[in-house]
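Q: Could you take me through this structure feature by feature, giving the general idea before each case?

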Amino acid sequence: MCQKMAKTMYTPALLLSLIFSAFAVKYDPTWDSIDSRPLPSWYDEAKLGIFIHWGVFSVPSFSSEWFWYNWKGTALPGVVDFMQKNYRPGFTYADFAPMFTTEFFVPNEWAEIFQASGAKYIVLTSKHHEGFTNWPSKYSFNWNSNDTGPHRDLVGELAAAIRDKTDIRFGLYHSMFEWFHPLYLNDKKNNFTTQDFVQVHTRLLYRLLSKNIDSRLHKSYGLMETGKLQIIIGTHRNSWHGFITKGRANSRFKTLPELYEIVNNYKPEVVWSDGDSGPDTYWKSTEFLAWLYNESPVKDTVVVNDRWGNGAACHHGGFYTCTDRYNPGKLQNHCGGNMLMNVGPQKDGKIAPIFEERLRQLGSWLQINGEAIYGTKPWSHQNDTVAKGVYTSKTNGGKTTVYATLLQWPSGQLTLGAPMVTDSTVITLLGYDQSNHFQFTKGATGGVTINIPAINFNDMPCEWAWVLKFENLQQHDNKDHASKYLKFKPRNVNVNFGDIN
């Protein structure tokens, strides 16, 4: 009796847990519901992330990560000529995979470099459009980093190092489509009325590959150029048979199982989707996102982008990317957002010295000026009306501090049109003696002229850009802009940092 009663007793902590669970928001698999989820605050505060493009394309290290498509898809003359001059006749893209060796990849070294850069999160390419997975995926037989090339779980190793050695958040890029996958090409041919690539039953794929019912599809995938696709299915014939007969066949075969796999295994707090050519209903995007927000191990902290099917970009998802290297050219109602800066490691796993130097230089600048970057919000002005200055702001205790980042060091005096100074305004230079307030003159019709003191070269706080800090400014009528910012989600701005190397 006592044991039975003990099972029905509720502690205060359990009661609170049950109450919170009852009132927890559940998201439906519709865009209206998905889009209503607030963006986790860490992302908007982070501001800077590192994008890592790394895969089989790092072996030729020519053109871009689109090398295979530029060679076999559009047949760009420069890429075709590169292959003819440097590789034997009959060489296939699959032949690059064993050369993706990563022998000098030391995850702890990467983690230290990224920490030193000042980045607050990273996004590693788990799979690009070539289809090669940088983890031992159960859904990419013989075309993954464990079965060929590195013979390592690259995603898992870096995830462990980032979490063990840094305070950086770990994220993953994942391409939904694959350029030459026969099932995707067949769905595309059918105007996406079929979903074999997204949710094909394993029996169908086994039949398609083992019986070679359409050689054109095999050849389009590239691996058949030397008969390798037939080798793959032959090598795994027994495991496929066991997979099917033991009831483990999944109704979602390729791209969706990969997404569930990387989320459950590696718990990325950024899921950066791409390669979403096709309707969002074809990709079952809202179903996946509802699971991600409701049930996944990262449901409370994960952020996603807006590439979840035709028409989703700039309209649906978490943060907006719109297009690569997007620049709207004017102030946006939902302006804010982050910069995701690209670095391309070498095939052997080293980050080129020039890339490492730039990352460390960025970090040294942020150590001094990070106050003007991390956790900031848009001000009423993004750019100055007179001089070349970029503004950010922070509000604390009802007081707004404004930062003006200058890309050129002013000589003698600097006139800015946006700040409205008062008698209590204080202007200082980040990284310089904060007790040394810069003198200024209020403009007759607004703005301010600042007297820039002569600072010894050795006393200059940093290189490249300098930040003026304004305290106690007269506040602009910024309520409407602020309310719009809170209503919408921040953008993400992608800036490439060098080419694949």
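A: Let us begin with accessibility: a residue is buried under 20% relative accessible area, exposed over 50%, and partly exposed in between, with a 1.4 Å probe and protein chains only. Lys284, at 22% relative accessibility, therefore counts as partly exposed. The model is a predicted one, in which local features need pLDDT of at least 70 and side-chain atom pairs count only at pLDDT 80 or more, whereas totals for chains, interfaces and linings use all residues. Residues are numbered from 1 along each chain as its sequence is written, and side-chain values use heavy atoms, with hydrogens and water left out.

Q: What is the average pLDDT of the protein, and how should I read it?

A: pLDDT is the predictor's confidence in each residue, from 0 to 100. The protein averages 84, and 78% of the residues score at least 70. Where pLDDT is low, the predicted coordinates should not be read in detail. Contact here means heavy atoms within 4.5 Å.

Q: How many helices and strands are there in the protein?

A: Helices (H or I, at least four residues) and strands (E, at least two) are DSSP runs, numbered from the N terminus. On that basis there are 19 helices and 14 strands. Of the 501 residues, 51% count as buried, and among contacts between residues at least 6 apart in sequence, 74% join residues at least 24 apart.

Q: Which strands pair with β2, and in what sense?

A: Two strands pair if DSSP finds at least two bridges between them. Strand β1 (residues 48-52) runs parallel to β2 and is joined to it by 4 bridges, with Gly49 having Tyr121 as its bridge partner in β2. Strand β3 (residues 169-175) also pairs with β2 in the parallel sense, over 6 bridges, and here Ile122 stands opposite Phe170 in β3. As for handedness, a crossover is right-handed if, with the strands pointing away from the viewer, the path from the first strand over the helix to the second runs clockwise. β2, helix α8 (residues 154-165) and β3 make a right-handed β-α-β unit.

Q: Is strand β2 mostly covered or mostly open, and how many of its residues are buried?

A: Strand β2 (residues 121-127) is mostly covered, with 7 of its 7 residues buried.

Q: How many residues has the largest nonpolar core, and which have the most contacts inside it?

A: In soluble globular proteins, nonpolar side chains tend to be buried together. A nonpolar core is a set of buried Ala, Val, Leu, Ile, Met, Phe, Trp, Tyr and Cys residues joined through side-chain atoms within 4.5 Å. The largest has 106 residues, and those with the most contacts inside it are Ile52, Phe114, Phe288, Leu292 and Trp308. A second, separate core of 13 residues includes Trp42, Val123, Tyr173 and Trp272.

Q: What covers the buried residues of helix α17?

A: Helix α17 (residues 285-294) has 9 of its 10 residues buried, among them Phe288, Trp291 and Leu292. The elements covering its buried residues include α3, α15 (255-266), β4 (270-274), α16 (280-283) and β5 (303-304).

Q: Where does Lys284 lie, and what is its phi?

A: Most residues other than glycine have a negative phi. Lys284, in the loop between α16 and α17, has a positive phi of about 55° although it is not a glycine. Ser63, in the loop between β1 and α5 (67-73), likewise has a positive phi, of about 75°.

Q: Which polar contacts does the side chain of Thr425 make?

A: A polar contact is a pair of N or O atoms within 3.5 Å; within protein, one must be able to donate a hydrogen and the other to accept it, and residues adjacent in sequence count only if both atoms are side-chain atoms. Thr425 is found in the loop between β9 (413-416) and β10 (426-429), and at 6% relative accessibility it counts as buried. A polar atom of its side chain lies 2.8 Å from the backbone nitrogen of Thr422, and the side chain of Thr425 also reaches the backbone oxygen of Asn472 at 2.8 Å.
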